[in-house]
Amino acid sequence: MTAPTMESTIGALLAARKGILAADESLPTIKKRFADINVPSTEESRRSYREMLFTTRGLDEFISGVILFDETLRQKAKDGVLMPETLVEQGMLPGIKVDKGAVVLANFADEKITQGLDGLRERLKEYRELGACFTKWRAVITIGEHIPTRTCIEANAEALAMFAGLSQEAGLVPIVEPEVLMDGNHSIGRCEEVTTVTLNSVFAALFEHRVVLEQMLLKTGMVLSGKDCAQKADVPEVAEATILCLLRSVPAAVPGIVFLSGGQSDEAATQRLNAICRVSDVPWRLSFSFGRALQAPAMKIWKGSADNVAAAQEALHHRAKCNGLAVEGKYSEQMESAHT
Ligand code: 5MM
């Protein structure tokens, strides 16, 4: 495989009506997800689940790229073809999660720092040889009574910027993902405040590290009320707060912003994405990079059985299509009832 340029990767990832599938669950996360459907997490079960996702016919109409976990990048599909090549054959670009997960930040018991910078330059070189076109690093910011602290936000921003610089050096488009978690009873206003401070800190660090903004993508959460907030903001409020926050924090030079789903139900994530993307007059392309909100229905149907593959693929295709239409502001809830 000849490696594409960062410009062509960005163009392909941000193609009209398409978004990114996040299938980069680390071993502990996929184990948790499989436990919910009573499937043991083994190298083979993970391989066959992900092969099922990637070989969904017509998925490339709505999915431009897939973020893989290290193990998957090295696995082969049943026909003996490596997973990154399988994706390319299916019309999608392979990407790779390069962080090594979030751990407790020393002296800040309730906050996390993402690790994985040691040896990253060498790993990136190998990932490129294995066919990855883009990379992702996720930082986790928690909202609580006295958190996030500036120390946590700045430490994570610094790590994101160092990751992005190294990734661009390797010719791989970095997806910079500072995720503000939905957990908690905070209001949408508090989420907006924390997301704004976080994004401003991230872009200050990216500037200091001379990261080329035109050659990266931002992956961020929507601005939402906390999961346990008594008064949840409705869809138009979420769209308004999200756009306002992004306009105040993300430079126009960034070509695209892709949203994570963060534990929202699949339909809620699509409805909100649709409302956000209907807002015109923004300087970036807006799209999605969902994990759970794309995979959840397919995983529930699959349950580890080859007999369920066709139905599970149909469910994934449906969610991808709904989100692809949402990127154009053309999703309607009737698409759900027409499907069931
Ligand atoms: C798919 O999950 C990704 C990996 O998470 P872990 O390192 O915790 O296993 C995660 O980074 C994901 O890409 C984002 O959180 C977006 O996924 P959701 O499910 O929030 O859309």
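Residues are numbered from 1 along each chain as its sequence is written. Because the model is predicted, local features need pLDDT of at least 70 and side-chain atom pairs count only at pLDDT 80 or more, while totals for chains, interfaces and linings use all residues; side-chain values use heavy atoms, with hydrogens and water left out.

**Stop 1: the ligand**

Helices (H or I, at least four residues) and strands (E, at least two) are DSSP runs, numbered from the N terminus.

Now show the polar contacts (pairs of N or O atoms within 3.5 Å; within protein, one must be able to donate a hydrogen and the other to accept it, and residues adjacent in sequence count only if both atoms are side-chain atoms). Start with the side chain of S261, where a polar atom lies 2.5 Å from an oxygen atom of the ligand. At T29, an N or O atom of the side chain is 2.6 Å from a ligand oxygen. Then switch to the backbone of G291, which has a polar atom 2.8 Å from an oxygen atom of the ligand. On its own the ligand has 510 Å² of accessible area, of which the protein covers 91%. Accessible areas come from the Shrake-Rupley method with a 1.4 Å probe; for residues, only the protein chains shown count as cover.

**Stop 2: the largest pocket**

Hide the ligand and look at the space it takes, which is the largest pocket. On a 1 Å grid over the protein atoms alone, a pocket is an open set of points with protein on both sides within 12 Å along at least five of seven lines, a cavity is a set where a 1.4 Å probe fits but cannot get out, and lining residues have an atom within 4 Å of a point.

The volume of this pocket is about 850 Å³. Select its 38 lining residues; S26, T29, K97, R138 and E179 lie nearest the centre. The lining divides into 11 nonpolar, 9 polar and 18 charged residues. β5 gives the most, with 5 residues.

**Stop 3: the cavities**

How many cavities of 30 Å³ or more does the structure hold? There are 2. By class, the lining of the largest cavity has 9 nonpolar, 9 polar and 1 charged residues.

The second largest cavity holds about 30 Å³ of space. Its lining consists of L14, A15, A16, R17, K18, R285, L286, S287 and V327. β10 provides the largest share, 3 residues.

**Stop 4: two backbone details**

Keep R17 selected: its phi is near 65 degrees, a positive value in a residue other than glycine. R17 lies in the loop between α1 (6-13) and β1 (19-23).

Finish at P148, in the loop between β6 and α7 (150-169). The peptide bond from I147 to P148 is cis, with omega near 10 degrees.

Terms used
A molecule sits in a cavity or pocket if more than half of its atoms lie within 2 Å of its grid points. Grid points are joined across faces, edges and corners, and a volume is the space filled by probe spheres set on the points. Ala, Val, Leu, Ile, Met, Phe, Trp, Tyr, Cys and Pro count as nonpolar, Asp, Glu, Lys and Arg as charged, and the others, Gly among them, as polar.
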